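Hi everyone, thanks for coming. Let me put the model up on the screen, and then we can walk through it together.

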Amino acid sequence: MFLWGTATASYQIEGAVSEDGRGVSVWDTFAGEPGRVRDGHTGEVACDHYHRWPEDVELMAGLGVNSYRFSVAWPRVQPTGSGPVNQAGLDFYDRLVDALCARDIVPAVTLFHWDLPQALEDRGGWLDRDTAHRFAEYAAVVADRLADRVPMWITLNEPFVHMVFGYALGTHAPGRTLLLDALPVAHHQLLGHGLAAAALRERGAGRVLITNNCTPVRAASADPADVAAAHAYDTLHNRLFNDPVLLGKYPDMSAYGVRLDCVRDGDLDLISAPLDGLGINYYNPTRIAAPSDEGLPFTDAGITGYPTTAFGWPVVPDGLRELLTGLKARYGDALPPVYVTENGCSQHDEPGPDGTVDDRARIDYLDGHIAALDRARAEGVDVRGYYVWSLLDNFEWAEGYHQRFGLVHVDFATGRRTPKASYHWLRERLAERTGADAVPRKP
């Protein structure tokens, strides 16, 4: 069965950050520091999904999706990241999973979508190898409760983005600015993935995946310096997190003048244990040129000539096909089945005078990317799922509530949900399927 779904993340939608025993996350701390998040927004209430989840499940059922990807908040389950389990937190996800199953919506659980318990960050966070072991213990706790009904598990979401924005540049929680000294975060996250994957399998979990944010990398010109810069960027963004998982080795990082000295014997065997699928989040390609200074070995040359989202990201639907076929060419038989676990766009969506939300640009975006997905499958890539980011407008990290990605508009003052035109469009496309594995036809 091909999975058509929507995706969300715990800190971005749940709210209720101090209810029912939930502990403090790095995002609670980060958002509470002046100047960290635009206009001082926080996830304290977000979409209030913690209280309004039945309404959100009904929205999914009305949309006609057959899967829902959501993340579990680690501090809601283990308030300090280790030790005693908060049963009230597990109860919340237990009720959610039961409701999804009752509506034939396959739950796809992500264990880590960036909201690390602050107590673990205080001990070093992902710079500390011990965090990988604590993550495996947490994975076991969640699987013990949910594995009997959850057939699809994702260990980490976008470890590249979390490392770069959270530890290298400081624009996301926990707000560290370590630049290349953040590289141990890559290995410790991947080690956490390997340890958690083993714990999940021991508890009867079905499909186990990791989700990586990937981008097709294009050189700004045929100049050898630009080509070398593009190769260096591809190594950092794509290969650093795919090669260890799929090939059991790290790529050559000599372009950065660094080595991953934190790798121990046996680590890569754990990290490269066979996967049941690879999650891929795609938003846009990247165009790279040679650096203009002595810093990093590349510079972002930008992509022009395409429409852009409210975030300013170029809309290049065929980049999804390019990415998927490129992964197949690079990894061959080592590439497991692929699930596009995020794809979507931000727009400045607001209800019109009649109360409806006409987001034609999002409809065009989704239509183009689903067509690109279809082309990749026709070219032999084994893609088994596609998840729209996101079900709801939500807390968009450092941008607060200024970027709207949802199929459903959320009035953040009242919590009111209003399905947008894209929601109704996708519902019609899904209803037109001729079979469980069919791609929706164009209107």
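So here's something to start with: is β3 buried or exposed, and why? Seven of the seven residues of β3 are buried, so that strand is largely enclosed by the rest of the structure. By buried I mean under 20% relative accessible area; exposed is over 50%, and partly exposed is in between, with a 1.4 Å probe and protein chains only.

A quick word on what you're looking at. This is a predicted model, where local features need pLDDT of at least 70, side-chain atom pairs count only at pLDDT 80 or more, and totals for chains, interfaces and linings use all residues. Residues are numbered from 1 along each chain as its sequence is written, and side-chain values use heavy atoms, with hydrogens and water left out.

Okay, the barrel. Eight strands close up in the order β1-β2-β3-β4-β5-β7-β10-β11, with parallel pairing. On average, neighbouring strands of this sheet are turned by 25° against each other, direction ignored. The names come from DSSP runs numbered from the N terminus: helices are H or I with at least four residues, strands are E with at least two. Two strands pair if DSSP finds at least two bridges between them. And in general, strands of a sheet pair through backbone hydrogen bonds, either parallel or antiparallel.

Back to β3, residues 106-112, and its neighbours. On one pairing, five bridges join β2 (residues 67-71) to β3, and there Ser 71 has Thr 110 as its bridge partner. On another, four bridges join β3 to β4, residues 152-157. Here Ala 108 partners Met 152, and Phe 112 partners Leu 156.

Touching, or contact, means heavy atoms within 4.5 Å. For the angles, axes are lines fitted to C-alpha atoms, for helices over the stretch in contact, and the values run from 0 to 180 degrees between N-to-C directions. Helix α12 (residues 318-331) lies across β7, β10 and β11, running at about 140° to β10.

What about Phe 165? This residue lies in α8, and counts as partly exposed because its relative accessibility is 33%.

Most residues other than glycine have a negative phi, and most peptide bonds are trans.

One joins Ala 173 and Pro 174, with omega about 10°, and Pro 174 is in the loop between α8 and α9. Another joins Trp 389 and Ser 390, again with omega about 10°; you'll find Ser 390 in the loop between β11 and β12.
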